[in-house]
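Keep the picture open while you read.

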Amino acid sequence: IPAGRMPANQALAFGVILSIGSVAVMGLAVNWAAAALLALTIAFYVFVYTMFLKRRTPQNIVIGGAAGAFPPMIGWAAVNGEVTAGSLLLFAVIFFWTPPHFWALSLVKAKEYARAGVPMLPVVAGERATLRQIVLYSVILVPLGVAPALIGIASPAYGIAAGVLGTVFLGMAVRLAVRPSPKLAMSLFGYSILYLFLLFAWMIAERLSGLWG
């Protein structure tokens, strides 16, 4: 669309068809609980995040992050047909992971966001305020990452690994806050991806291997 190779109305029509089709397939092939959550995710991302939050508030990533946090709930509902405390906890892990993940990148890309008119936190509140928020969300994230072991949906071994991974995450966030630099910001951004991948990969591996659950 920005390059002019596709009109906006065609892109909208294509997106609507894909959205309706994906929800229908999910409902017919899996179950309607998962399909309803998928529909909610799409609607939240399009109408709440993209159309309303993204260009209006520096809390765009915080609130809009819910759209990216719904997939574990969709997967859980696809298997069990319901929303449970376990799926809500996995939602919370991604929800609180999202702000430090994206704000680390936005510190480096703040000028580009400003030129595009997107009010990311570094653009509106500045670097120091963003760094404080990164540390705050990282502090909340560490125990959330461990919590699956505490409620029984992951093993104690997972809990130990998650604690180590989370401590590294928090340590990198604090180091960035003490000595801000684009290099450290990108290091945190990169590690945040690895962190989330390893948490969910560990839980999946435990289930597939039969070692837990």
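Before we start, a pocket here is an open set of grid points with protein on both sides within 12 Å along at least five of seven lines, and a residue counts as lining when it has an atom within 4 Å of a point. Also keep in mind that this is a predicted model.

**The pockets**

So what lines the largest pocket? Look for Pro72, Gly75, Trp76, Val79, Asn80, Leu90, Ile153, Phe200, Met203, Ile204, Arg207 and Leu208. Two helices, α4 (71-80) and α10 (182-209), each give at least two residues to that lining.

Now hop over to the second largest pocket. Its lining is made of Leu12, Gly15, Val16, Ser19, Val23, Ala39, Ile42, Ala43, Val46 and Phe47. Here the elements that give two or more residues are α1 (8-29) and α2 (32-53).

| Pocket | Volume | Lining residues by class |
|---|---|---|
| Largest pocket | About 340 Å³ | nine nonpolar, two polar, one charged |
| Second largest pocket | About 230 Å³ | eight nonpolar, two polar, no charged |

**Helices that pack**

Next, the helices. Two packed helices are described by the angle between their axes and the distance between the axes.

Is their crossing left-handed or right-handed? For α5 and α8 the crossing is left-handed. As for the residues in the contact of α5 with α8, 19 are nonpolar, four are polar and one is charged.

Helix α5 has another partner to check out, helix α3 (residues 60-69). The axes of α3 and α5 are 8 Å apart, and the angle is about 130°. That angle makes α3 oblique to α5. When α3 passes α5, the crossing is right-handed.

**A glycine in a loop**

One last stop: where is Gly81 found? Gly81 sits in the loop between α4 and α5. With a relative accessible area of 35%, Gly81 is partly exposed, because that label covers values between 20% and 50%. Now find Asn31, which is 50 residues away from Gly81 along the chain. In the folded model, the C-alpha atoms of Gly81 and Asn31 are separated by 6.8 Å.

Definitions and conventions:
Residues numbered from 1 in each chain as written. Predicted model: local features only at pLDDT ≥ 70, side-chain atom pairs only at ≥ 80, totals over all residues. Heavy atoms only, no water. Left-handed = near helix turned anticlockwise from the far one by under 90°. Helix = DSSP H or I, 4+ residues; strand = E, 2+ residues; numbered from the N terminus. Nonpolar A, V, L, I, M, F, W, Y, C, P; charged D, E, K, R; others polar. 1 Å grid on protein atoms, 1.4 Å probe; cavity = no way out; pocket = protein on both sides within 12 Å on 5 of 7 lines; lining within 4 Å. Points joined across faces, edges and corners; volume = space filled by probe spheres on them. Buried < 20%, exposed > 50% of the residue type's maximum accessible area, 1.4 Å probe, protein only. Axes fitted to C-alpha atoms, helices over the stretch in contact; angles between N-to-C directions. Parallel < 35°, antiparallel > 145°, perpendicular 65-115°, else oblique.
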